[in-house]
Amino acid sequence: MNRRSFLKTGAAATAALATNFVTAAQSHDLVRCGMIGTGGRGTSLLQTLLLFSQVEVPAVCDVVRERAEQAASLVEKKKNRRPTVYAGSESVWEEMVNRTDLDAVIIATPWEWHARMAVGAMRAGKCPGVEVPAAITLEECRDLVQTSEQTGIPCMMLENVCYYENVLALLRMIREGLFGEIQHCEAGYQHDCRSIMFDETGQLTWRGQHVLTKNGNLYPTHPLGPIAQWMNINRGDRFVSLTSVSTPARGLQEYAGKRFGADHPAAKHRYALGDVNTTLLVTASGRTVTLYFNLMTHRPYDLILRLEGVKGIYLGTTDRICLETENNGAHEWEPFAPYQKRFEHPLWATLRAPALSSGGHGGAEYLMFHDFLKSVRAKASGPQDVYDAVTWSAVFPLSIQSVAKGGQPVEFPDFTANRWKTNPPLPVYGA
Ligand SMILES: NC(=O)c1ccc[n+]([C@@H]2O[C@H](COP(=O)([O-])OP(=O)(O)OC[C@H]3O[C@@H](n4cnc5c(N)ncnc54)[C@H](O)[C@@H]3O)[C@@H](O)[C@H]2O)c1
């Protein structure tokens with residue numbers, strides 16, 4: 001897909017957004033990005049962003065001054081100019097987003113800050129690239145949509161899993177009809193994260209505070225982003241209901257007891273988040289998605305990413321596939337690697353070398369920033385628009401509601417205001 005159709009797709013998919021920002025921006029146009037939140041993730045994103053020659057970082061911000069200064073040093077080393085540092089208070093980011101020399105703002109702060117920072121950036125005329133989840137309440141979801149529609153500024157959530165090589169090859173295979181109609185997908189964020197719920201003294205970190213008080217699927221977008229793209233969610237179909245249940249919470253308390261001692265307050269908290277949360281989503285056309293969420297038990301990392309169509313199945317856990325049209329129609333698993341090569345996505349075909357040398361989840365972040373910068377230059381949405389950001393994030397508050405009601409179904413809002421019926425599916429777009 002060329003640049004012109006990228007913009008057309010973005011505009012069509014976000015029909016409500018003004019498209020008069022689509023200018024003669026070229027891929028060599030400089031993009032000036034500010035960074036808010038320069039902790040673990042912000043620093044890693046910054047390192048990838050700095051690899052793009054047509055990116056400048058005039059300003060960085062973190063509550064903790066040392067972190068912002070460290071980020072400023074990274075920028076200075078790579079770009080020979082030290083950015084302005086904003087630090088020392090939780091609201092100092094507001095000053096940064098109001099600078100006149102920024103086109104975009106990358107937001108990599110704790111979850112509770114994402115939506116208000118993205119809204120603040122859009123109101124100041126800057127394109128936000130916001131970490132996952134983009135919002136944690138339905139009100140925040142609506143604010144993001146409303147602000148993006150009113151200002152005409154695209155809002156991209158930085159969902160990097162959508163750029164994994166297997167995920168994009170599968171998107172191409174679906175578009176080429178190899179799976180037939182997709183009926184069901186299953187995925188999960190299953191990652192033993194107990195160690196990062198506490199600092200070294202046993203105080204709860206910001207993540208720990210969330211799991212102390214909330215029970216549901218608190219990190220839905222990594223598994224859901226790819227699935228929503230595969231299943232044309234908001235582009236021909238949409239989620240209409242959600243049901244969510246959680247097991248009891250045991251893992252974190254047990255872990256805290258072992259790490260800090262049975263008498264430590266960390267071992268005495270009653271953590272709200274159940275160890276394994278299971279969520280079922282149903283679409284308007286009756287198709288289904290199962291999501292798992294587990295941060296609290298001893299296990300290897302696994303996104304599952306099971307994709308099930310009438311003509312075949314893929315399973316990410318084992319990276320295997322079985323297709324009716326291949327392998328003489330045998331009902332047997334085959335390795336996916338040869339298919340990934342055969343159905344290489346055009347983005348990977350074009351950007352493989354710089355992506356692989358950049359690191360960042362195997363190169364996914366490089367491709368993600370490539371699309372983000374393209375969207376900023378054009379001031380038009382790319383493959384992940386504001387409606388995707390809030391639909392994928394809304395599982396956070398909706399699952400909490402359903403768990404609290406003993407697993408009763410809750411209605412899934414239509415953030416597109418019926419445009420899902422006419423939005424075209426995401427095409428297999430190129431660089
Ligand atoms: N996409 C991915 O693969 C991925 C991976 C890791 C983290 N993340 C996301 O990135 C975000 C950050 O995670 P992290 O692991 O870097 O956390 P972190 O705690 O290491 O960093 C967060 C930073 O934000 C700063 N901060 C907090 N409030 C602020 C405010 N009001 N203004 C300015 N700075 C503020 C903190 O001081 C800290 O330096 C989270 O939303 C997380 O979910 C995404």
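Is Tyr 301 buried or exposed? I opened the notebook with this residue and found Tyr 301 to be exposed, because 9 other C-beta atoms lie within 10 Å and the cut-off for exposed is 12 or fewer. I note at the outset that the model is predicted.

**Entry 1. Tyr 301**

I placed Tyr 301 in the loop between β10 (288-294) and β11 (306-309). I then looked up its contacts, leaving out residues up to four places away in sequence, and found that Tyr 301 touches Gln 190 and His 191.

**Entry 2. Confidence and overall form**

I looked up the confidence of the prediction. The mean pLDDT of the protein is 94, and 94% of its residues reach 70 or more. Residues 1-25 have a pLDDT below 50, and this stretch has 50 contacts in the model beyond near neighbours in sequence.

I recorded 15 helices and 15 strands. The C-alpha atoms fill a box of roughly 65 × 60 × 40 Å along the principal axes. I compared the radius of gyration with the rule for a compact globule: 431 residues would give a value near 22 Å, and the protein has 21 Å, so the two agree. Of the 431 residues, 50% count as buried. Among contacts with a separation of 6 or more, 74% join residues 24 or more positions apart.

**Entry 3. Domains**

I took the bounds from the domain assignment, which gives domain 1 (3-159) and domain 2 (162-346 + 380-421). I noted 25 Å between the centres of domain 1 and domain 2, taken over C-alpha atoms.

**Entry 4. The shell around the ligand**

Which residues come nearest to the ligand? I listed Gly 37, Gly 39, Gly 40, Arg 41 and Glu 131, out of 22 residues around the ligand. The elements that give two or more residues to this shell are α2 (40-49), β2 (55-62) and α5 (111-123). The largest share, three residues, comes from α2. I sorted the shell by class and recorded ten nonpolar, seven polar and five charged residues.

**Entry 5. Helix α5**

I turned to α5, one of the elements that contribute to the shell. This helix is mostly covered, with ten of its 13 residues buried. Among the buried residues I noted Trp 111, Trp 113, His 114, Met 117 and Met 122. Which elements are included in what covers the buried residues of α5? I found β1 (31-36), α4 (93-97), β4 (104-107), β5, α6 and α8 (206-213). After α5 comes Gly 125, and I recorded a positive phi near 85 degrees for this residue.

**Entry 6. Backbone exceptions**

I kept in mind that most residues other than glycine have a negative phi, and that most peptide bonds are trans. I then listed the exceptions that I had looked up.

- A cis peptide bond joins Val 132 and Pro 133, with omega about -15 degrees. I located Pro 133 in the loop between β5 (127-130) and α6 (138-151).
- Asp 319 is not a glycine, yet has a positive phi of about 50 degrees. I located Asp 319 in the loop between β12 (312-315) and β13 (320-323). This residue is partly exposed, because 15 other C-beta atoms lie within 10 Å.
- Asn 327, also a residue other than glycine, has a positive phi near 55 degrees. I located Asn 327 in the loop between β13 and β14 (334-335). Asn 327 is partly exposed, because 13 other C-beta atoms lie within 10 Å.

**Entry 7. Thr 391**

Why does Thr 391 count as buried? I counted 27 other C-beta atoms within 10 Å of Thr 391, and the cut-off for buried is 20 or more, so the residue is classed as buried. Thr 391 lies in helix α14 (residues 386-393). Setting aside neighbours within four places in sequence, I found Thr 391 in contact with Ala 228, Ile 233, Asn 234, Phe 239 and Phe 415. I also looked up Thr 416, which is 25 residues from Thr 391 in sequence and 9.2 Å from it in space, C-alpha to C-alpha.

Terms used. Residues are numbered from 1 along each chain as its sequence is written. This is a predicted model: local features need pLDDT of at least 70, side-chain atom pairs count only at pLDDT 80 or more; totals for chains, interfaces and linings use all residues. A residue is near a molecule or strand if its C-beta atom, placed from the backbone, lies within 6 Å of it. Helices (H or I, at least four residues) and strands (E, at least two) are DSSP runs, numbered from the N terminus. Ala, Val, Leu, Ile, Met, Phe, Trp, Tyr, Cys and Pro count as nonpolar, Asp, Glu, Lys and Arg as charged, and the others, Gly among them, as polar. Domain bounds come from an automatic or database domain assignment. Two residues are in contact if their C-beta atoms, placed from the backbone, lie within 7 Å. pLDDT is the predictor's confidence in each residue, from 0 to 100. The radius of gyration is taken over C-alpha atoms; the globule rule is 2.2 Å times the number of residues to the power 0.38.
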